[in-house]
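Please read these notes with the model open beside you. They are numbered so that you can go through them in order.

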Amino acid sequence: IGGRARLFGEVELHVHLDGAIKPETILYFGKKRGIPLLGDTVEDLLEHISYSEPLTLTQFLEKFALYMPAIAGDRDAVRRIAYEFVEMKAKEGVIYVEVRYSPHLLANCKVHPIPWDQEDFLPAGRLTPDEVVHLVNQDYRMEKGISTSKARSISMLHLLFFPGWSLEVVELCKKYQNNTVVAIDLAGDELVSETFPEHRKAYEEAERCGIHRTVHAGEVGPPSVIKEAINVLKTERIGHGYHVLKDPALYRELLSKKMHFETCPWSSILTGACDPDFRKHPIIQFRKDKANYSLNTDDPLIFNSSIETDYKIAKQSLDFTEKEFKRVNINAAQSSFLPEKEKKKLLSELYEAYKMVPNNPS
């Protein structure tokens with residue numbers, strides 16, 4: 001790695017499409033569609049959207065409402081953010097990425113209620129959740145000459161918003177299961193099955209149909225939420241999961257099962273999930289215990305970051321070595337939701353790039 005905090009051949013498993021939009025794109029479509037924004041320049045817009053000091057998770061989530069009306073419900077906008085996302089990750093050196101989004105939050109037709117108060121700007125009836133998935137998949141497949149990055153999508157169920165969407169999202173996963181969509185995710189309030197049984201039913205259907213499953217859990221919620229994600233929702237990976245360390249028995253169990261934690265260093269500080277003192281960060285314990293985890297950006301637009309940001313933090317504040325960077329990326333590839341044949345190919349590419357012998361990370 002030398003003076004760089006990164007190495008070629010990163011794998012990213014936890015990043016949100018609607019949190020990775022270029023500010024120039026937001027400004028373009030805001031102006032084109034006549035939707036007011038908090039700024040006419042990139043600098044002015046980022047002053048309101050991005051931040052660098054810790055907030056609460058609720059305050060962080062409020063940022064999306066400041067710019068999503070400019071994107072949601074517009075076919076050209078959805079196409080463009082999908083293409084630009086793949087382009088961005090290719091430039092960062094990411095060779096495989098799983099990106100998550102809510103089809104309903106990018107739609108303005110056949111979705112109730114219509115998100116982001118779009119009825120204040122445009123008449124409904126232009127873009128359905130099904131069409132959103134089709135458009136995003138189309139630009140992932142084409143990749144427009146970008147050969148160094150592969151993208152797969154995780155359709156997200158948003159507990160924070162409307163549980164009535166959950167089963168609809170599972171049906172979209174089933175429809176597009178062999179067309180870049182690989183899994184479902186759940187985000188928002190970390191109280192799942194008892195409060196919103198629709199989510200539990202959605203995950204049961206996903207498991208029945210062989211759709212992979214990940215869940216945001218233990219980010220700001222207690223370890224009991226992680227238990228629920230595993231025992232009730234049958235999740236295969238944990239989004240964030242930092243607070244698992246508060247339950248040593250659960251942590252030891254998940255270590256033995258090699259449960260994958262999708263960690264996001266910079267995000268974990270800015271959302272208030274972890275102590276801002278990196279010397280106390282859960283990832284340090286994960287590293288010492290050789291846990292199965294990955295490094296991810298989460299929402300680079302809002303955190304004004306890139307994968308380089310999180311790798312620098314890992315190197316400078318979490319004592320990562322080149323060996324640990326490689327191990328983390330190999331584990332991420334092994335924990336990806338790719339079909340086995342494609343997963344083996346991805347792992348071969350990583351072993352070759354890292355000059356490593358398979359199954360011998362030293």
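1. Terms first. Buried means under 20% relative accessible area, exposed means over 50%, and partly exposed lies in between, with a 1.4 Å probe and protein chains only. Helices (H or I, at least four residues) and strands (E, at least two) are DSSP runs, numbered from the N terminus.

2. Source of the values. This is a predicted model, in which local features need pLDDT of at least 70, side-chain atom pairs count only at pLDDT 80 or more, and totals for chains, interfaces and linings use all residues. Residues are numbered from 1 along each chain as its sequence is written, and side-chain values use heavy atoms, with hydrogens and water left out.

3. Overall make-up. The chain has 14 helices and eight strands. Of its 362 residues, 60% are buried. Contact means heavy atoms within 4.5 Å. Take the contacts between residues at least 6 apart in sequence: 74% of them join residues at least 24 apart. The accessible surface is about 15,000 Å², and carbon and sulfur atoms account for 51% of it. Such areas come from the Shrake-Rupley method with a 1.4 Å probe; for residues, only the protein chains shown count as cover.

4. Helix α8. This helix spans residues 223–231. Its buried residues are Pro223, Val225, Ile226, Glu228, Ala229 and Ile230. What covers them? The cover includes β5 (212–217), β6 (237–240) and α9 (248–256).

5. Salt bridges. A salt bridge is a side-chain nitrogen of Lys or Arg within 4 Å of a carboxyl oxygen of Asp or Glu. The structure holds 26 of them. One joins Glu12 and Lys89, at 2.7 Å from N to O. Glu12 lies in strand β1 (residues 10–16) and Lys89 in helix α4, so this pair ties together parts that are 77 residues apart in sequence. Both Glu12 and Lys89 are buried.

6. Two further pairs. Lys257 and Glu253 meet in a salt bridge at 2.9 Å, N to O. Lys257 is exposed, with a relative accessible area of 53%, whereas Glu253 is partly exposed at 34%. Arg327 pairs with Glu324, with the closest N and O atoms 3.1 Å apart. Both of these residues lie in helix α13 (residues 322–334), three residues apart, about one turn of the helix. Arg327 counts as buried at 12% relative accessibility, and Glu324 counts as buried at 7%. Elsewhere, salt bridges that share partners join Glu98, Arg100, Asp185, Arg237 and Glu262 into one network.

7. A lysine to check. Lys63 sits in the loop between α3 (57–61) and α4 (75–92). Is Lys63 buried or exposed? Lys63 is buried, yet has no salt bridge. The nearest side chain of opposite charge is Glu62, 7.7 Å away. Here Lys and Arg count as positive and Asp and Glu as negative; His and the chain ends are not counted. Leaving aside residues up to four places away in sequence, Lys63 touches His48, Ile49, Tyr51, Leu55 and Ile302.

8. A negative patch. Glu24, Asp40, Glu43, Asp44 and Glu47 form a negative surface patch. Patches are made of residues with over 30% relative accessible area and no salt bridge: like charges are joined within 9 Å, and nonpolar side chains (Val, Leu, Ile, Met, Phe, Trp, Tyr) within 5 Å. The place of a charge is taken as NZ of Lys, CZ of Arg, CG of Asp or CD of Glu. Helix α2 (residues 42–49) gives the largest share of the patch, three residues. Asp44 is in helix α2 and is partly exposed, with a relative accessible area of 36%.

9. Backbone points. Most residues other than glycine have a negative phi, and most peptide bonds are trans. The bond from His112 to Pro113 is cis, with omega near -10°. Pro113 is in the loop between β2 (94–101) and α5 (129–142). Lys258 has a positive phi near 55°. Lys258 lies in the loop between α9 and β7 (260–263) and is exposed, at 62%. Asn304 has a positive phi of about 50°. Asn304 is in the loop between β8 (293–295) and α12 (307–316) and is exposed, at 57%.
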